[in-house]
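Visitor: Please take me through one part of this model in close-up. I would like to look at the place where the two chains meet.

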Amino acid sequence: MATSRKVTLLSSDGESFEVEQSVAVESITIKDSIEEGSAGNPIPVPKVNSKILAKVIEYCKKHVESAKAEDRVDDEDLVAWDADFVKVDQATLFDLIRAANFLNIKSLLDLTCQTVADMIKGKTPEEKRKTFTIRNDFTPEEEEEVRRENQWAFE
Amino acid sequence: MLLMETEHQSTIPNALPFNSAGNSSEDSVKRARLLSSNQDETQNAVDYISQLPDAIIVHIFSFLTTKDTVKTSVLSKQWRSTWTSSQYMSFSLPPGGSRKSKGFIAFVNSVQSRYTSDKLKRFLFDAPCLALMRSSLDRWLQFAVEHDVEELSVTLNYRRHKIYALPQILFCCKTLVSLHISRCCFGVCGTVNWCSLKILHIEHAKLNDDGLMRVLSGSPVLEFLELKSCVGIKHIMVESKIFRELVIDSHEFRGQASMLKISAPHLLKLRLLGNSRGGEFRLDEVSSLIEAELNFNMKICALDKVKAHADLLKGLLKRLHHVTKLVMGSWCIQVLSLMEARDIFLPSLECRHLILLGAAGHEGVPEAIAKILESTRLLEKLYLQTTCTPNPKIELNAESTGCHIFAGEEFWNFVKWRIYQCLMHLKHVEIVDCGANPLPWEPVISLLKFLLQNALWLDKIVINSPNSKSSQAFEPSPLLEVARILLSHPKCSPRAKVIFRYPFQGCPPV
């Protein structure tokens with residue numbers, strides 16, 4: 001593409017972010033609204049606040065740049081970068097998941113969901129409850145019943 | 001792929017942790033501060049995960065096995081049956097687990113009977129194939145087919161039992177997009193109707209040409225086919241314009257003078273991998289190929305082994321002369337060096353991007369490079385990559401080796417007149433060191449010095465040591481020495497740069 005077009009994204013708390021169009025269209029939601037001509041300028045992004053939108057833009061920029069660069073070696077660098085990107089507190093992580101879902105950015109959604117899946121794997125139920133602060137509202141008898149229903153999973 | 005956002009119907013748990021021991025919430029916050037900032041261990045004030053819409057939770061489940069998914073049932077009342085709507089099923093029983101097989105079968109049955117959705121996206125199954133498993137497996141596969149499964153994988157392992165035959169209903173599953181079968185009997189009786197199938201992996205199967213023909217004609221949108229350790233196929237013929245990539249791994253040749261012929265006029269990418277013996281790959285019709293990988297090992301029994309190996313490689317390269325990206329493994333490198341020693345000619349190649357694997361530490365690598373450079377007049381990119389697996393060697397009689405031992409620079413000066421023209425387009429050279437063993441730099445340095453001195457249009461030489469997985473402490477000093485040598489060497493291209501990339505882990509000061 002000869003010219004680099006820029007678009008402005010407006011977060012839910014009123015902050016504007018100017019980005020290249022090629023970066024913004026990593027989000028299928030934004031891409032569709034631009035193509036349909038219903039975007040408006042700046043493009044409002046409800047449900048996503050400025051802190052999260054900034055991170056999402058950072059992710060998209062990095063991935064668009066890596067796709068342009070030479071193949072092969074950069075793959076490993078990108079994987080390492082992604083791993084660092086998701087080293088955030090839970091509130092941010094889950095906000096990123098919701099943002100990736102709303103904005104329809106598959107690779108970011110997969111990355112964040114995989115991160116949560118990795119937090120679930122290999123933990124006992126007690127550890128899982130602790131990690132995610134899930135309140136156990138089963139009575140001991142109910143819990144026993146559930147365990148029996150799904151016996152093999154708990155062996 | 002936008003997931004529908006429907007909020008949970010059930011009540012959202014309290015914002016603050018409710019500690020059953022009765023401690024105040026202040027204490028829990030204090031505890032949270034003392035714990036490390038790792039997101040795993042921090043005591044959060046909020047149960048974020050339970051507030052996620054169902055569709056997203058199910059997407060998270062798609063990254064877990066069914067066993068882990070079902071375990072969430074005990075977390076809280078809200079989570080008790082969330083797992084039943086996960087459209088991804090993945091069951092695996094490790095090989096030694098035959099004692100647990102009855103429980104395993106009951107588990108799979110239970111999961112399938114409690115399934116609430118109409119559709120199944122993925123069904124993965126990996127278990128020993130015991131007698132009591134067979135009829136159940138038939139039923140489970142039928143369940144998958146009835147639920148319009150898209151991605152299916154069946155991997156079995158056996159001790160002494162008869163091989164499992166896939167149910168015929170599987171061959172008419174119109175919703176299948178990706179299928180992976182390992183160690184099953186691929187008995188195609190009737191017609192195959194896989195109208196959505198794009199990806200097919202068949203491993204350890206006995207399949208004859210007729211059976212494969214039926215599979216291919218029943219899969220009109222097939223893009224990718226991998227045949228690993230299969231026996232019985234002699235001819236692969238695919239006319240489809242959509243068929244993009246073919247991978248043949250460890251093909252088993254039976255009988256004398258056995259051959260595997262490949263004709264796929266629209267194929268874009270071909271990979272020949274693994275260990276084979278006593279056979280020949282013949283490429284009949286591959287005119288659309290843009291990328292070819294020859295990373296296989298072939299054991300050939302012949303009186304003149306060098307000629308036999310050389311003939312096989314020459315035959316392949318003749319058919320691949322138009323391919324722009326070529327990847328060659330250690331067998332090819334060995335054969336090339338033997339051909340160099342015996343002055344056997346290679347057909348001229350239009351390759352622009354050449355990758356040599358297992359290259360740097362290998363014997364005979366300079367000879368192999370000289371041989372291949374002689375034929376690649378359009379070469380723009382040359383990558384040498386060490387692999388982590390040891391390279392099997394071609395067994396030869398003592399007399400037929402005849403490799404001369406050249407000291408680095410002498411050798412390159414000797415072959416210069418032959419390969420000089422091929423350096424006309426060379427722009428990018430890259431050495432990638434996987435790091436398992438320390439890289440012997442000597443042969444590489446001579447090559448790089450030679451290229452610096454003679455490649456007129458050279459843009460950059462990149463030396464890459466992505467050592468992130470190496471358990472040994474990384475020693476940058478050999479690299480610094482290499483850097484010193486290369487950077488002080490005269491270069492004929494004014495633009496040429498030498499770039500070093502390695503993970504920075506507290507490098508000592510230069």
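Guide: Start with a term. A salt bridge here is a side-chain nitrogen of Lys or Arg within 4 Å of a carboxyl oxygen of Asp or Glu. The model is predicted. In it, the side chains of A:Glu149 and B:Arg80 form such a bridge, with N to O at 3.0 Å. That distance is within 4 Å, so the pair qualifies. The rule finds 4 salt bridges across the interface of chain B and chain A. Polar contacts between chain B and chain A come to 10 residue pairs, both residues at pLDDT 80 or more.

Now the side of chain B that touches chain A. At least two residues each come from α2 (54-61), α3 (66-71), α4 (101-113), β15 (381-385) and β16 (428-432) of chain B. By type, the residues on this side are 26 nonpolar, 17 polar and 15 charged.

Next, the extent. The contact involves 58 residues of chain B and 54 residues of chain A. The size of an interface is often given as the accessible area lost when the parts come together. Between chain B and chain A the buried area is about 5200 Å², and carbon and sulfur atoms give 58% of it.

One record bears on chain B. An unreviewed UniProt entry annotates residues 46-91 of chain B as "domain: F-box". Over that stretch of chain B, residues 46-91, the chain is 30% helix and 9% strand. Its end C-alpha atoms are 32 Å apart.

Technical notes
Residues numbered from 1 in each chain as written. Chains lettered and ligands numbered in written order. Predicted model: local features only at pLDDT ≥ 70, side-chain atom pairs only at ≥ 80, totals over all residues. Heavy atoms only, no water. Contact = heavy atoms within 4.5 Å. Buried area = accessible area lost by both parts, 1.4 Å probe. Polar contact = N/O pair within 3.5 Å; in protein donor to acceptor, adjacent residues only side chain to side chain. Helix = DSSP H or I, 4+ residues; strand = E, 2+ residues; numbered from the N terminus. Nonpolar A, V, L, I, M, F, W, Y, C, P; charged D, E, K, R; others polar. UniProt positions renumbered as here; feature names shortened; annotations may be inferred.
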